[in-house]
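Take a walk through this structure.

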Number of protein chains: 2
Amino acid sequence: MTDQRIFNFNAGPAALPLQVLEDIQSSFLNFNGSGMSITEISHRSSYFDEVINDAIARAKRLLKLDDRFHVLFVQGGASLQFAMIPMNFLSGDDIADYVNTGTWSTKAIKEAQIQQKNHRVVASSEDRDFSYIPTDIPFSKGAKYVHLTSNNTIKGTQFQEFPDTNGVPIVCDMSSDIFSRPLDMDKFGMIYAGAQKNLGPSGTCMVILRKDLLEGANADLPSMLTYDTYAAKNSMYNTPPCFGIYTIDLVLKWIEEQMGGLAQMEAYNIKKAGLLYDFIEAGSFYRTTAQADSRSLMNVTFRLPSEDLEKLFVAQATASGLGGLKGHRSVGGCRASIYNAATMESITALVQFMESFAKENK
Amino acid sequence: MTDQRIFNFNAGPAALPLQVLEDIQSSFLNFNGSGMSITEISHRSSYFDEVINDAIARAKRLLKLDDRFHVLFVQGGASLQFAMIPMNFLSGDDIADYVNTGTWSTKAIKEAQIQQKNHRVVASSEDRDFSYIPTDIPFSKGAKYVHLTSNNTIKGTQFQEFPDTNGVPIVCDMSSDIFSRPLDMDKFGMIYAGAQKNLGPSGTCMVILRKDLLEGANADLPSMLTYDTYAAKNSMYNTPPCFGIYTIDLVLKWIEEQMGGLAQMEAYNIKKAGLLYDFIEAGSFYRTTAQADSRSLMNVTFRLPSEDLEKLFVAQATASGLGGLKGHRSVGGCRASIYNAATMESITALVQFMESFAKENK
């Protein structure tokens, strides 16, 4: 129990900008002079139209999206996208390429398999425990899409550059690094991201979709599983997750107006992760787990000399107000998730704690 | 723009209990002494386990659910359930009965059609513009389920009693009246409800599912579209809509602890709707649109002598702090949605306004 806010290194749901939380709190009983909470206003009202259209406009400005792209909001997280992507875009002899960089890619591949859609795993880093991002990938000619997971939260790896796919559109799960850096959108057919790491609360997935992908898409699918349903109705075929979209709008506003856009956001993220990686590299007590050229700016995974020390580290850190440092339950170890909203202050506090913990436990 | 809260008659998203909103607001920066917002805590933490398990336990106590039932949380609203129900429960020669009582039933039927699943519309009230609930329905023998929509928000009709289906489990969309009255759960195989009317914010759908329905359910479906995925993982196969589930927990707590349970909730709802219906019946200026024996306790639909007067009525009501009284865009007219959270105070204010509007515009 604490009456103060902690430094939150959770992998997701994760820290949100304090200013965003304060904005939500202060207007929670009366949104924008409506006399209603944001959770009580109609999605068919001008109040909500303004929210969703502002969120879309900000996403477009930040990523410099032109009119080739839809910005959609879908429920069900990235996990539902794993299924919707092959369901919508693969039919008959179509084939899709998948790159397997860990748990989330593996799950995406599984959902193509379940639907018995043609797909090929063109590269995998499973041979070295997903500790790196594959290069020189032999992409199929004429594939409908190439599926990538831009950042692996569990192993702490990230595509530092996106591969050349010979013009095949990349469909990319960016749940853990969307809006953390500028993107060359010419490479992408679709980007999707569960909101709960870099964007807002869980329960809303942003889908950025190049319109031409809809043209050859499968028809006669259930309405809620068809991208066209969302594109045709500005994501309001049925009641959208209004609170999530509202929070996303505030987060994008914060990135745009407080942080200064994606180039500045990336510079800040490089500085934050750099501080932590440099500290770890400088000593021998901690060691990182990801290959240097594949390291994530979002999730810094590291180990201590023993599992007992890792347990003690997490426990003492938690007691000192540094939360969420336990590694993913599937791999153990430690992990600091430092998405956009993580502050330099929190990184500095973590490094100080790590320094004194190392001294005490050498 | 108002600095006061209005009387909110929105059809959904709709009014929530003020106490619930105040609870959310006051702890929004620090949930339960965690030092994090409810939107920032891990769904794998003991903090969130407590929330989801409390919500489930309260739902079970309120509806007197025994161990035959799962309480699940799914994203995608009732609209995704329209698709998931036939997808999971119908295969081969299986047939399902559907009763068509309006827009939402029609949409549910459409999703069975899209998947080319055997289904039969065994009754419909379309012949009289969905103004009543059919009786003496010729249910199929041996159907897998009977699909009903308990309350039609658009036409203001409601099943006042549920039919005898010869033991075939009812699968019921209760988005607009769940937890508004006690239920005889022996009749139901599944109840589902988008949260945004009687339960919480949009983006979370509660699914109450009798476990034996899972036994014959289709396998090899996409993971996020299989009920078993939710049942096996306490609705946390992937990150659930945490804020929605948290709000639902608070709403159920309010029903249980402040309102005194479902029998008392129903009595209050009868009193509220009664005040409004009695007032309308007593005069000739307003007229209800639903047949008396099929009237909804949740959505009171009514007309004025002319469409011009209806426009003026909605505009003047809005200006007087009575919001959301416009009928659904597909039917016009007026509608007061008075779900659980609508207070007697709001109904009294509405009746007073209606009285003076009628006097001025006779």
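Helices (H or I, at least four residues) and strands (E, at least two) are DSSP runs, numbered from the N terminus. This is a predicted model: local features need pLDDT of at least 70, side-chain atom pairs count only at pLDDT 80 or more, and totals for chains, interfaces and linings use all residues. Residues are numbered from 1 along each chain as its sequence is written, chains are lettered from A and ligands numbered from 1 in the order in which they are written, and side-chain values use heavy atoms, leaving out hydrogens and water.

Begin with the two chains.

Most residues other than glycine have a negative phi, and most peptide bonds are trans. In chain B, B:Pro13 sits in the loop between strand E1 (7–8) and helix H1 (18–26). The peptide bond from B:Gly12 to B:Pro13 is cis, with omega near -10°. In chain A, a cis peptide bond likewise joins A:Gly12 and A:Pro13, with omega about -10°. A:Pro13 lies in the loop between strand E1 (7–8) and helix H1 (18–26) of chain A.

Now look at helix packing in chain A. Two packed helices are described by the angle between their axes and the distance between the axes. Axes are lines fitted to C-alpha atoms, for helices over the stretch in contact, and angles run from 0 to 180 degrees between N-to-C directions. Helix H2 (residues 46–62) and helix H7 (residues 242–259) of chain A have axes that come within 9 Å and cross at roughly 40°. H2(A) and H7(A) are therefore oblique to each other. Angles under 35 degrees count as roughly parallel, over 145 as roughly antiparallel, 65 to 115 as roughly perpendicular and the rest as oblique. The crossing of H2(A) and H7(A) is left-handed. That term applies if the near helix is turned anticlockwise from the far one by less than a right angle; right-handed means clockwise.

Which residues of H2(A) and H7(A) meet? From H2(A) they include A:Phe48, A:Val51, A:Ile52 and A:Arg58, and from H7(A) they include A:Ile245, A:Tyr246, A:Leu252 and A:Glu256. Contact means heavy atoms within 4.5 Å.

H7(A) also packs against helix H8 (residues 262–282) of chain A, at an angle of about 85° with the axes 9 Å apart. That makes H7(A) roughly perpendicular to H8(A). A:Trp254, A:Ile255 and A:Met259 of H7(A) make the contact with A:Leu262, A:Gln264, A:Met265 and A:Tyr268 of H8(A). By class, the contact of H7(A) with H8(A) has six nonpolar, one polar and no charged residues. Ala, Val, Leu, Ile, Met, Phe, Trp, Tyr, Cys and Pro count as nonpolar, Asp, Glu, Lys and Arg as charged, and the others, Gly among them, as polar.

Cross to chain B. The axes of helix H9 (residues 307–319) and helix H10 (residues 344–360) of chain B come within 11 Å and cross at roughly 135°. That makes H9(B) oblique to H10(B). The contact joins B:Leu309, B:Leu312, B:Phe313, B:Gln316 and B:Ala317 of H9(B) to B:Phe353, B:Met354, B:Phe357 and B:Glu360 of H10(B). These residues divide into seven nonpolar, one polar and one charged. The crossing of H9(B) and H10(B) is right-handed.

B:Phe302 belongs to strand E12 (residues 299–303) of chain B. Among the residues that B:Phe302 touches are B:Phe313 and B:Met354. At 0% relative accessibility, B:Phe302 counts as buried. Buried means under 20% relative accessible area, exposed over 50%, partly exposed in between (1.4 Å probe, protein chains only).

Phi of B:Asp220, which is not a glycine, is positive, near 60°. B:Asp220 is exposed, with a relative accessible area of 68%. B:Ser235 has a positive phi of about 65°. B:Ser235 is buried, with a relative accessible area of 3%.

Key
Lists of a residue's contacts leave out its neighbours within four places in sequence.
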